[in-house]
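Me: Please take a close look at a single part of this model. I want one connected walk through that part and what surrounds it.

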Amino acid sequence: LRMRRSFPDLKVPSPEAGQTERFYERMDEVMRELWGEHLHHGLWREGDDDHEAAARSLVSEVGGRLDLAPGACVLDVGCGYGATGVQLGEEFGYEVEGVTLSGVQKARAVSGARVIVGDWLAGVGESDSMDGVIAIESLEHMTDMEMAVGHLARMLRPGGRTVLACWVRVENPTWLERVLWLDPIRQAGQLWGQGSEERLLGVLRRTGFTQIDRADLSSQVAP
């Protein structure tokens with residue numbers, strides 16, 4: 001399989017998408033310093049002694065779970081600087097293109113990355129054009145989860161696969177949990193679409209995804 005011609009930039013942001021874009025561009029230097037070129041919290045395994053190693057471990061986990069043949073076309077939703085796509089190409093032979101809201105992130109993309117600028121909810125890319133779609137800690141930023149997941153399905157060829165690494169919350173938080181923790185985190189992190197695992201699984205099923213596997217890796221998020 002070969003990657004199709006790169007998609008054009010497509011940017012028709014919602015107010016929330018524009019706010020998230022400004023957040024990432026305003027915090028770009030700080031976030032690069034804290035999280036490096038991957039911008040992922042990481043998956044801390046035995047032997048991972050720094051954040052960069054943990055971030056690479058998370059990407060390896062996603063690539064392995066995608067379980068596609070070398071040369072498969074993969075789209076990375078919320079790709080940041082494109083480091084995930086480069087690593088997946090090196091480790092698994094995938095042909096990866098990424099989409100980000102931020103023009104600053106595209107301008108500072110890592111060497112070898114293929115990055116476009118666009119609002120995922122505006123409808124980026126061609127239907128039935130990808131063997132796999134991944135989203136690592138990015139769907140939570142989107143206001144309409146049904147639409148976001150619908151676009152994942154639209155992009156996939158028949159039999160395609162998607163891997164999502166998502167932050168989820170408890171199904172029925174108490175008033176105190178919402179006020180003290182969830183609402184402040186949602187506002188600070190621009191997590192407009194964050195919901196429970198049950199809600200996300202329901203959206204996936206209604207969209208037509210089958211053979212859904214899930215894993216709780218939260219115990220490995222911090223060293």
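Reply: Y81 sits in the loop between β1 and α4; helices (H or I, at least four residues) and strands (E, at least two) are DSSP runs, numbered from the N terminus. Y81 counts as buried because its relative accessibility is 1%. Buried means under 20% relative accessible area, exposed over 50%, partly exposed in between (1.4 Å probe, protein chains only). From Y81 to V99 is 18 residues in sequence and 9.5 Å in space, C-alpha to C-alpha.

The model is predicted: local features need pLDDT of at least 70, side-chain atom pairs count only at pLDDT 80 or more, and totals for chains, interfaces and linings use all residues. Residues are numbered from 1 along each chain as its sequence is written, and side-chain values use heavy atoms, with hydrogens and water left out.

Now the strand before the loop. β1 covers residues 73–77, and five of its five residues are buried. C73, L75 and V77 point one way from the strand, V74 and D76 the other way.

β1 has partners. Five bridges join β1 to β2 (residues 95–100), and the two run parallel. Two strands pair if DSSP finds at least two bridges between them. L75 stands opposite E97 in β2. The chain gets from β1 to β2 through helix α4 (residues 83–92), in a right-handed β-α-β crossover. Right-handed means that, with the strands pointing away from the viewer, the path from the first strand over the helix to the second runs clockwise. β1 is also joined to β4 (residues 130–136), by four bridges, again in parallel. There, V74 stands opposite G132.

Next, the helix after the loop. In α4, A83, T84, G85, V86, Q87 and L88 are buried. The buried residues of α4 pack against α3, β1, β2 and β4, where contact means heavy atoms within 4.5 Å. G93 follows α4, with a positive phi near 80°.
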